[in-house]
Amino acid sequence: MSARTALPALALAAASLFPAAPASGAPPLVARLEASPTDPATLEAVARALERGRLAATHAADMARAISGPWVAPDTPAAVRQRIWWVLGQVLPPLALEDPALARRLCVETPLRWLREGTERTLAVEVLRAAATADPALAEAVADGAPALLEATLDPAAGEAALALLAGLPGEALARRLEPEAVARWARRLVEGRSPHVWRLPGLLGGIPGPAATAGLLVVVTRARELDPSLRPFGSAARLRADALRRLAGRRLTPAQLRRVADAAASASDEAERRAAVEVLARHEGPLPALPERLLDWLEMAVRDGDRPCGQAARLLESQGRRGALRLLAAWEAARAGRAKGCGWPLEEALRAAAPRIASELARLRARWPGDAFLAELAALAAAAGAPGAPPDPADLPPEARRRLAERLAQRLRERPDDREARETLRRLLDDDHAPVRATAWRALLALGDPAASWARLAEALRQAGAARARALETVAALGLPPAPAVLEALLAIAEGPAPARERVSALEAAWRSAREDTGPLASAEPRVRALLADPAPEVRRAAAYWFVAVPAREPATTEALIAALDDPSPYVRDHAAMALEVARAATPELLARLEERARRGDADPNVIRKMEAARRALERRLPAGLGAERLLAVLLGRAGGAAERRALLEAAPLEPETARALLAALAREPLDAWLDGLPERGGLGGDGLARLVEAERDPPPWALLAHLVPRPLLDGWLVRQAARPERTWEERVRLLALVGRPRDAADRERLRELVVEALRTGALDEARAAALVGRLLAALDYGGVRALVEGLWDQPRALARAELLLRRIEWQAGLRAAMGAPGGGLPAPGAADAPWIARWLRRIAPGRGDPRLAPFVRISRLHELGASGTLRRAARQAGLVALLRRHLPYRRECEAVRHALGALLGTVLPPACAR
């Protein structure tokens with residue numbers, strides 16, 4: 001046969017081997033398999049062909065149906081079934097996509113039946129592992145056979161593989177299918193037998209949530225006391241129990257299960273085991289059962305020695321009622337007498353919580369150590385909780401102990417508002433010498449509406465003179481509550497009155513400190529506080545200036561008064577006034593001019609100079625949008641201000657949207673070179689790029705300032721609209737679009753898409769700039785950019801092919817950057833939601849016509865990425881992509897374009913081969 005006639009013959013052979021659809025006839029090997037599915041030679045020939053990638057991608061379902069009969073038949077010889085699995089295992093991934101029901105019947109239901117019948121266990125586990133790996137839906141189905149898999153782990157031949165399979169299945173799926181009793185029986189058989197798999201029990205069960213795995217772990221804890229001598233070289237039983245206990249920490253345990261853990265801790269022969277059990281008990285949320293005395297002894301020793309689990313031990317002892325509290329007190333008493341180390345704060349906190357249970361013992365110890373403040377605090381806490389006995393006078397406690405007592409009393413009063421003793425003690429603490437104690441009592445009683453604690457009483461105390469007023473000022477400042485109008489009025493009256501300067505300052509500070517999170521009520525006081533900026537006392541002027549740091553000025557008159565305060569003789573007043581101007585909300589051109597004139601005169605204090613400059617920039621940005629934008633633009637373009645001012649702008653907050661829009665409108669009237677000149681090329685420091693970067697550190701360029709000051713969504717949309725202006729050259733458009741991030745507005749995204757498509761359709765740009773433009777489109781729209789390229793260039797195959805080459809260039813550059821450790825991602829990949837779109841465009845390409853758009857489209861759409869996971873492969877099958885690609889296999893050039901993508905979608909190791 002001549003070469004000229006050989007090629008058509010090969011084409012005919014390829015067409016017969018790879019039909020466009022299964023209905024057109026099966027290849028000879030598949031036909032042989034259908035005729036004799038148990039013939040060893042046929043099975044081997046098919047398996048070899050599958051290994052070479054010639055059949056799996058196209059006829060998985062046909063082959064699976066052909067061998068399904070002998071595969072499920074109970075009398076099929078084991079050797080034949082192994083050969084069938086050689087074929088079935090290779091077509092399983094594509095079969096799970098093409099015919100999920102058949103895949104489930106052959107590779108899940110059938111091997112599970114073998115397991116239940118006790119036959120072919122080794123092969124069954126192997127098949128189930130392959131099914132669980134091939135597809136998430138099959139993995140969920142494999143989990144249905146969890147009870148049978150448990151039994152398979154006891155088989156000497158299949159046990160290791162069955163355990164590995166269980167460990168690989170989703171823990172949540174297993175938890176829904178396993179019963180606690182069945183898992184407990186299974187774990188007991190492993191523990192009490194000679195299975196080397198017992199060491200894997202904690203890890204396997206620890207990955208499964210729910211009560212079934214908990215029951216299995218508890219079997220290990222309670223039954224693994226002695227292991228078979230053959231297992232001892234691998235580790236000790238104590239290590240196995242400790243591992244199981246660590247996996248129990250944080251799980252929900254019943255009271256009976258908690259008692260088993262407590263018994264394990266009490267009888268533990270290993271320190272690690274006991275610590276693990278203690279952690280399980282300590283992490284349990286809720287009441288604990290009575291712990292064994294032997295465990296209590298160990299917990300007390302841990303507290304006495306200050307050992308690492310001391311905090312957990314103290315909490316566990318506190319949970320044991322009076323008997324645990326007595327041990328805590330004994331440990332504290334030993335530490336107090338120098339006979340033990342103790343563990344400090346955890347022990348004291350546990351005793352504070354347990355104080356009501358040991359009131360009589362506290363009285364005994366107080367008689368022994370009458371001056372001990374901690375014992376007095378415990379006695380007070382016990383009395384506050386309603387324990388019998390005379391409570392100590394709170395005045396005998398140290399301030400921090402009184403504060404804790406007040407908090408406990410407040411909590412008790414919230415739970416029991418009718419507790420007269422707790423309420424009476426809190427009333428006594430209203431006049432405590434310590435401000436935090438008074439504030440705690442006032443907050444609690446104010447919340448309950450107690451007549452002894454009212455805003456009117458505080459206002460009355462503020463109107464008095466002497467110590468009563470000073471204490472009231474401290475109380476209001478520590479309350480942290482918005483003051484009532486009467487209290488605010490009393491505070492302002494003190495600040496304006498003839499009181500000593502110290503009290504007037506305290507009144508101002510108390511007002512803004514108590515309402516730091518709610519400045520609304522204080523806004524009405526602005527004129528009265530503004531007048532205090534001219535007070536004769538410098539301390540009052542300083543406090544008034546700081547008021548407007550905490551409560552920003554809202555009126556132009558206040559801004560003007562603060563500017564005047566910059567000439568105050570006191571440097572502290574000037575400093576606070578400059579700080580207040582930085583946050584002032586009222587700005588006019590006249591006020592800004594006054595501030596600039598004052599800033600030019602400088603100051604003896606460099607801090608004041610720096611803060612005046614910050615205030616000037618802040619007021620400038622709060623001008624009406626148009627005025628502020630014009631001034632800011634002059635600074636950005638270097639027509640006003642200096643390098644220091646531009647550096648400071650990089651640390652300022654972004655502009656308000658109104659001012660940012662005005663700035664962009666003014667910038668649109670400027671030539672591009674006025675604010676883009678000197679911008680380094682993306683991707684390197686070529687030429688004098690390094691020198692420009694050094695200069696940019698000293699004097700930031702306009703673009704750097706613009707990108708920082710203008711909110712990104714506004715800036716991206718403005719850049720796209722500027723690039724779309726008809727008078728722009730393509731050179732200018734590329735420069736503008738290179739700066740675009742991710743436009744949010746749909747109209748701006750559409751403009752960006754139109755510009756990129758137009759550039760590719762007209763061929764207006766060289767390869768480097770066209771690639772940069774396409775890369776910007778993908779960065780802005782992700783996979784939407786890929787869609788835009790395909791939809792915009794579909795009617796121009798040459799332009800579509802050029803886009804595909806540009807994408808290759810972008811991917812190569814991304815890989816190069818990644819190899820060098822530089823940032824920069826690759827091309828966007830399609831998701832499950834994109835599969836129908838890909839299918840819609842694939843349907844437009846008729847098979848066998850040599851459409852030049854096929855290869856570029858397959859590569860541009862990155863169709864192969866849909867084979868990255870079972871979820872994506874399932875979405876591709878549902879969209880019909882597998883069938884659409886198979887249509888092109890009989891045609892050599894088209895087959896080469898789709899074979900790798902088809903192999904990825906089918907999950908095969910080798911893509912289908914094309915006819916030669």
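The crossing of helices α14 and α16 is left-handed. In this predicted model, α14 spans residues 211–223 and α16 spans residues 255–266. Their axes come within 10 Å and cross at roughly 25 degrees. Angles under 35 degrees count as roughly parallel, and α14 and α16 are therefore roughly parallel to each other.

On the α14 side, the contact is made by Thr 214, Leu 218, Val 219, Val 221 and Thr 222. Gln 257, Arg 260, Val 261 and Ala 264 supply the α16 side. Sorted by class, this contact of α14 with α16 has five nonpolar, three polar and one charged residues.

Helix α5 packs against helix α7 (residues 121–134). The angle between them is about 10 degrees, which makes α5 roughly parallel to α7. From α5 the contact involves Arg 81, Gln 82, Trp 85, Leu 92 and Pro 93. From α7 it involves Leu 123, Glu 126, Val 127, Ala 130, Ala 131 and Ala 134. These residues divide into eight nonpolar, one polar and two charged.

The two packed pairs are set out below.

| Helix pair | Axis separation | Angle |
|---|---|---|
| α14 and α16 | within 10 Å | roughly 25 degrees |
| α5 and α7 | 10 Å | about 10 degrees |

Leu 88 touches Ala 64, Ile 67, Trp 71, Leu 95, Leu 106 and Cys 107, leaving aside residues up to four places away in sequence.

Conventions. Residues are numbered from 1 along each chain as its sequence is written. This is a predicted model: local features need pLDDT of at least 70, side-chain atom pairs count only at pLDDT 80 or more; totals for chains, interfaces and linings use all residues. Side-chain values use heavy atoms; hydrogens and water are left out. Contact means heavy atoms within 4.5 Å. Axes are lines fitted to C-alpha atoms, for helices over the stretch in contact, and angles run from 0 to 180 degrees between N-to-C directions. Helices (H or I, at least four residues) and strands (E, at least two) are DSSP runs, numbered from the N terminus. Angles under 35 degrees count as roughly parallel, over 145 as roughly antiparallel, 65 to 115 as roughly perpendicular and the rest as oblique. A crossing is left-handed if the near helix is turned anticlockwise from the far one by less than a right angle, and right-handed if clockwise. Ala, Val, Leu, Ile, Met, Phe, Trp, Tyr, Cys and Pro count as nonpolar, Asp, Glu, Lys and Arg as charged, and the others, Gly among them, as polar.
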